[in-house]
Structures are given as C-alpha cells and as structure tokens.
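Please work through the following exercises with the sequence and the structure at hand. Each task is followed by a solution in steps.

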Amino acid sequence: MIQWAVWIWAIVYVGFTLLVLAVLRRKNGGGFSPSPTVSVVVAARNEAANIGRCIASLGAQDYDPGRYEVIVCDDRSTDGTGLILHDISASMPFLKVIRIDQTPAGVSPKKHALLSAISAATGEIILQTDADCIVPSGWISG
C-alpha cells in the first residue's frame, strides 16, 4: 500500500512540475527572452583627453551590439570634445551625441546634462559612467 502511495505522489509531483514549466514557457513566448535593451549615459565637459578611450571601451562590450546604445551629452565643452564625438559617431552607430549650449539657472550643469541624456534614452535599463572612465568589456552584461 505504501509503495502505491509513493508512486501516486511521484506522478502528481511530475505532473505539477510539467504544468508549471508549460505555464512559464507560454508566459515567456515559448522561448528565451533576449537581453534587455540598455542605454549608457555619459556627461562630458572638456574631456577631449579622455572621451575617445571611454567611447572605445563602451564599443568593445561583450553585450549584444544591437541591444545597447551610448548617449553622450557634451556639456558646453570648449576643448574639442564635441569635434571628437562628431568624428567618432560617424563610425559607431550605437553612439548618440547631445550638445548642451547653456544650462537653466539654478540647475547643476552635470545633473542637467545627465537628465538630457536620460530623456533621450530608449533602453529598458539605464547605466551611467563618467567620460574619464574606461569600462571593462563585461561592464554592461555584469
């Protein structure tokens, strides 16, 4: 009698597990969901010495290239940062550049630049780094 009870519970357990997996598969569209889209925002002011290396490191990510974008907000730079960004963006389609010529009174310039970049973001996840940073290749996927 106990042996039959164990078999019945085993069948119920397997059936319930299969039911849960079927519901999860249906909810997930029948397969694995792609990685989320990511927007990386960078505020840059007078970063001509650093911005090229920063963008190069963001372009060398191990994340799916079609699933992320980089938005750099050039915040009133006077040192050629804008020209460098313009030149880089021609060969990097994932890069969007926003130029800010003036900041509203009473607003922190960097906060205004970051908010401008975030407003242009289309990703499900937003990451932020500084223009003088070089990120490792697994930064976005991490």
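This is a predicted model: local features need pLDDT of at least 70, side-chain atom pairs count only at pLDDT 80 or more; totals for chains, interfaces and linings use all residues.

Residues are numbered from 1 along each chain as its sequence is written, and side-chain values use heavy atoms, with hydrogens and water left out.

**Exercise 1.** Determine how many residues of β1 are buried, and which strands pair with β1.

*Solution.* Strands (E, at least two residues) and helices (H or I, at least four) are DSSP runs, numbered from the N terminus. Buried means under 20% relative accessible area, exposed over 50%, and partly exposed in between (1.4 Å probe, protein chains only).
- Step 1. Seven of the seven residues of β1 are buried, so the strand is largely enclosed by the rest of the structure.
- Step 2. V38, V40, V42 and A44 point one way, whereas S39, V41 and A43 point the other way. In a regular strand, side chains alternate between the two faces of the sheet.
- Step 3. Two strands pair if DSSP finds at least two bridges between them. S39 has E69 of β2 as its bridge partner; V42 has T129 of β4.

**Exercise 2.** Classify the two aromatic pairs.

*Solution.* Rings of Phe, Tyr and Trp (its six-membered ring) pair if their centres lie within 6.5 Å; planes under 30 degrees apart count as stacked, over 60 as edge-to-face and the rest as tilted.
- Step 1. The structure holds two aromatic pairs. The ring centres of Y63 and Y68 are 6.3 Å apart with planes at 70 degrees, so this pair is edge-to-face.
- Step 2. For Y68 and F94 the centres are 5.7 Å apart and the planes at 45 degrees, so this pair is tilted. The pair links distant parts of the chain, 26 residues apart: Y68 in β2 and F94 in the loop between α3 and β3.
- Step 3. Y63, Y68 and F94 form one aromatic cluster.

**Exercise 3.** Locate N46 and R76, which have positive phi values.

*Solution.* 
- Step 1. N46, with phi near 55 degrees, lies in the loop between β1 and α2.
- Step 2. R76, with phi of about 60 degrees, lies in the loop between β2 and α3.
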